[in-house]
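Subject: Structure for your review

Dear colleague,

Please find the structure below, followed by an account of what was found in it. I would be grateful if you could read the two side by side.

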Amino acid sequence: MTRRGVSGLRWLAVGALAGVLQALAFYPAVAHLTPAGPVAMSVLALAALVLVLHRAERPMQGAWAGWGFGTVWLVGGTGWMFVSLHRYGGLPSWLAGGAVLLLCAALSLYLALACAAWGRWRRRRWAADALLLGGLWLLAEAARALIFTGFPWAASGYALLDSPFARLAPWVGVYGMGQVLVTLVAALVLVVVLRAGGKARIALVGGVAALGIAHAVLPSLSFVQIHGRPLSVALLQGNVPQSEKFEPQHQGEALIWHATQLVSAKGDLIVAPETAIPLLPSDLPEGFWAALLKPFQKSDRAALIGVPLGSFEHGYTNSVVGVSRGTVGLEGGVFRYNKHHLVPFGEFIPWGFRWFVDMMNMPLGDFTQGPRNAPSFEVAGQWVAPNICYEDLFGEELAARFTGALTPAPTILANVSNLAWFGEEVAIHQHLQIARLRSLEFQRPTIRSTNTGATVVIDHRGVVTDLLATNTQGVLYAQVQGTTGLTPFARWAGPWGLWPLIGLAVVLIVAVTRRPAS
């Protein structure tokens, strides 16, 4: 190996060490230790990365460091994919681990490119370079969210939930939060290592102190109002082992449990998780589906039920059906939501990867995509917007429902999920972080009915108000209060997605790089 190759590996290793701290920010043990744990880990990780990038003499050295940082960060944040590929997909451990590593390394190329660009364009001025790094960081995270259907799991902003940065969510969303954090950390580091003058240090320290005081003194801005009366909800958690969910000899027991709870549960709205009914209605025992719907079509109660729908001729969908007295006149007697953002390999097979899917022993297939701007389900004066599993990772797509004209804007978000594919703790904890962030961005409550957890109610401030123990079978009874009104994030992300934020980052980068370096 050449000297330059050895040098590159050294920079890769140093960046990877900093990435370990960033990965820890997304582990439940750190969050359980103290609410400030995730943001503290992220700050330390980013400070270490900025120091490494500052010492890099060539852009390529920064690229190696950024690639190592991002790869370890994502392997730590999404390593639960190994469970689904190995335990349930039947891939050998070396192949499952290699697939996860390869995916994370590929997704980290965006950050590697951003770090190389920073090394090429930095001005050797602490404020300009901090702004430049923040803008490039946002572009890297946006690329991960948008390109090849997107996979922005463990985006940096999720580590900031229980910190002052969370107040930025209804303004700039999770990616804007990450940009602000990176800019601030970079400024704090660079003002020292570039030996900025005393006035610069005083200005920076004073600015950080002012932000802290403002957070402590000023109330969090609310853009919404209470809407209607609270809904009483019953959220089902079947805790069906993934190894049994699609096995015919075990499906009867799970079907009976979910059907019994749906029919007997009390409340305005009863919610069953993703594929709580794992068979097409036409494949269920004769009369089962009609008997399940009938109690809701003749009462004041409503239900949301996860079930696959469709046919060979017209295609299949991963769906949620809503049933109530008001849906009797609709096709099939139900409201229907079809999942829009499908999971690569799980719900559709990317071109050229059929060979990889054929190696796995999983019930996978090609589903048909539902509309992005889907209508909401009316329940007792509230408008409930369903989404399925990791769809709530894409806040910019959910935002389209707030500015569409199909129905009134959602007053409550409802997520149905099955995370039994991914282990017992880490993915559940991270998905709860994601749901809380969506509630903050839209200032809407979220209800979640899941197979193994986290089955919760989250209020419009992102606070978990009711929680069912994970990996247990049960029903969570709670009250949820809907809200109306639009946050700034909903107003700009609804019609334009992430592009306004991307455009601002590009303008910032161009403005900074046009100034001569010192």
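I begin with Ala154, which is found in the loop between H8 and helix H9 (169–193). Helices (H or I, at least four residues) and strands (E, at least two) are DSSP runs, numbered from the N terminus. This is a predicted model, in which local features need pLDDT of at least 70 and side-chain atom pairs count only at pLDDT 80 or more, while totals for chains, interfaces and linings use all residues. Residues are numbered from 1 along each chain as its sequence is written, and side-chain values use heavy atoms, with hydrogens and water left out.

Backbone features

Ala154 has a positive phi of about 65 degrees, although it is not a glycine. With a relative accessible area of 3%, Ala154 is buried; buried means under 20% relative accessible area, exposed over 50%, and partly exposed in between (1.4 Å probe, protein chains only). Gln443, likewise not a glycine, has a positive phi of about 50 degrees. Gln443 lies in the loop between helix H17 (426–442) and E10, and its relative accessible area of 7% makes Gln443 buried. A cis peptide bond, with omega of about -5 degrees, joins Gly453 and Ala454. The loop that holds Ala454 runs between strand E10 (446–450) and strand E11 (456–458). For context, most residues other than glycine have a negative phi, and most peptide bonds are trans.

Overall composition

The protein contains 19 helices and 14 strands. Of its 518 residues, 56% are buried. Contact means heavy atoms within 4.5 Å; among the contacts with a separation of 6 or more, 73% are between residues 24 or more positions apart. The accessible surface comes to about 22,000 Å², and carbon and sulfur atoms hold 65% of that surface. These areas come from the Shrake-Rupley method with a 1.4 Å probe; for residues, only the protein chains shown count as cover.

Cavities

A search of the whole structure finds four cavities of 30 Å³ or more. On a 1 Å grid over the protein atoms alone, a cavity is a set of points where a 1.4 Å probe fits but cannot get out, and lining residues have an atom within 4 Å of a point. Grid points are joined across faces, edges and corners, and a volume is the space filled by probe spheres set on the points.

The largest cavity has a volume of about 90 Å³. Its lining includes Trp73, Tyr110, Trp137, Glu141 and Arg144. Helix H4 (59–78), helix H7 (109–121) and helix H8 (126–146) each supply at least two lining residues, and H8 gives the largest share, four residues. By class, the lining of the largest cavity divides into seven nonpolar, two polar and two charged residues. Here Ala, Val, Leu, Ile, Met, Phe, Trp, Tyr, Cys and Pro count as nonpolar, Asp, Glu, Lys and Arg as charged, and the others, Gly among them, as polar.

The second largest cavity has a volume of about 70 Å³. It is lined by Tyr337, His340, Pro371, Arg372, Glu391, Glu397, Leu398 and Arg401, a set of three nonpolar, one polar and four charged residues.

Nonpolar cores

A nonpolar core is a set of buried Ala, Val, Leu, Ile, Met, Phe, Trp, Tyr and Cys residues joined through side-chain atoms within 4.5 Å. The largest has 123 residues, and those with the most contacts inside it are Phe69, Val233, Leu269 and Ile447. Not counting residues up to four places away in sequence, Val233 touches Leu269, Ile447, Val457, Leu476, Tyr477, Ala478 and Val480. A second, separate core of 24 residues includes Ala234, Phe296, Ala303 and Ile305.

Individual helix residues

His258 is placed in helix H12 (residues 248–264) and, at 1% relative accessibility, counts as buried. Beyond residues up to four places away in sequence, His258 touches Leu236, Gly238, Val240, Pro273 and Ala276.

Trp67, in helix H4, is partly exposed, with a relative accessible area of 27%. Trp67 and Cys104 are 37 residues apart in sequence and 9.7 Å apart in space, C-alpha to C-alpha.

Leu17 lies in helix H1 (residues 3–24) and counts as exposed at 62% relative accessibility.

Yours sincerely

Notes: On a 1 Å grid over the protein atoms alone, a cavity is a set of points where a 1.4 Å probe fits but cannot get out, and a pocket is an open set with protein on both sides within 12 Å along at least five of seven lines; lining residues have an atom within 4 Å of a point.
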